[in-house]
Amino acid sequence: MNNIYDSMNYYRQKNNYYTIDELMNKIGINNTIIDPFSTLISKELCIGQGNVFYPAVRIDVSADSSVIIGNNNIFSNNTVVFCENHSKIIIGDSNFFGDGQICIKCNMSNSTISFSNNGRYDGRINIYGSCKFGNGSQIIGTINVYNCCLIGGEDYNESDPWKRAGLIKGFGTAKNLTVNVGMVINGNGFFDQKSMEPQINYHKVKGNN
C-alpha cells in the first residue's frame, strides 16, 4: 500500500464496502455524500436518489440480507444501519434520521424493519427486532425501540394532531408497542401501552414536537 488513500480502500474492499472512488461514482452520482472519507456503505445496498449522507454514516448489509433506501432521505452524523441473518430493512422516501446517534440493527433471523415516508427519527435512538413505522411516524428522544409499530398518518407539520402518525417520545425502552394515528406514548424510563394518549394534549395548534 503506497499511501493512506490506498490503505483506506484496502480495508473497505476487505469488508465489502465501496472504495472512495466507487462510493462517489456509484452512490454519489445521484446522492450527496458530504464526507466520503468517513462514510462506509456496503456494496449490497440498493438505493434511490436525492439522499444526503452526513459524515460518519455506516451501512452494513450481509450477502444474505437486504437494505433498500428510496429517495430524498437525510442521514445525519453517526447514523448506523446494520442488517444480517436473512433480514431486511426498507426505508422509503423523505425520512429524517438524526440529530443524535441513530442505530438501526436488524439481525434477528428473517426480521424486517420498515420505514414508510416522511418520518422523523430524532435523538439517540436504537431500533431492533421487527418494527414497522408508517407514513409520517416519529421517534424523538433517547430511546431503545424493540418490535414496535407506529401507525401511519400525516407528518409533524400537520396542523391537526389527530391526523398525525403515531409518535414515541421521551427516554427509556419501548418494547412491543403499537401507537395509533393521533396518539403518543411519552416514556419516562420505560414505555407502557396503557400510557398512550392523544397528541393534542401536547399540541393544541400547529407546531413542532
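## Paired strands

Isoleucine 47 stands opposite isoleucine 69 in β6. Strand β3 (residues 46-47) and β6 run parallel and are joined by 2 bridges; two strands pair if DSSP finds at least two bridges between them. Strands are DSSP runs (E, at least two residues), as helices are (H or I, at least four), numbered from the N terminus.

The model is predicted, so local features need pLDDT of at least 70 and side-chain atom pairs count only at pLDDT 80 or more, while totals for chains, interfaces and linings use all residues. Residues are numbered from 1 along each chain as its sequence is written, and side-chain values use heavy atoms, leaving out hydrogens and water.

β6 also pairs with β9, in the parallel sense, over 4 bridges. Here isoleucine 69 stands opposite isoleucine 91 in β9. Val67 and Ile69 form the covered face of β6 (residues 66-69), and Ser66 and Ile68 the uncovered one.

## Serine 87

Serine 87 lies in the loop between β8 (80-83) and β9 (88-91). Its relative accessibility is 3%, so serine 87 counts as buried (under 20% relative accessible area, with a 1.4 Å probe and protein chains only). The side chain of serine 87 reaches the backbone oxygen of glutamate 84 at 3.1 Å.

## Two helices

Helix α1 (residues 4-14) and helix α2 (residues 20-27) pack at about 70 degrees, with axes 9 Å apart. That angle makes α1 roughly perpendicular to α2 (65 to 115 degrees). Tyr5, Met8, Asn9 and Arg12 in α1 meet Ile20, Asp21 and Leu23 in α2, where contact means heavy atoms within 4.5 Å.

Methods: Axes fitted to C-alpha atoms, helices over the stretch in contact; angles between N-to-C directions. Parallel < 35°, antiparallel > 145°, perpendicular 65-115°, else oblique. Buried < 20%, exposed > 50% of the residue type's maximum accessible area, 1.4 Å probe, protein only. Polar contact = N/O pair within 3.5 Å; in protein donor to acceptor, adjacent residues only side chain to side chain.
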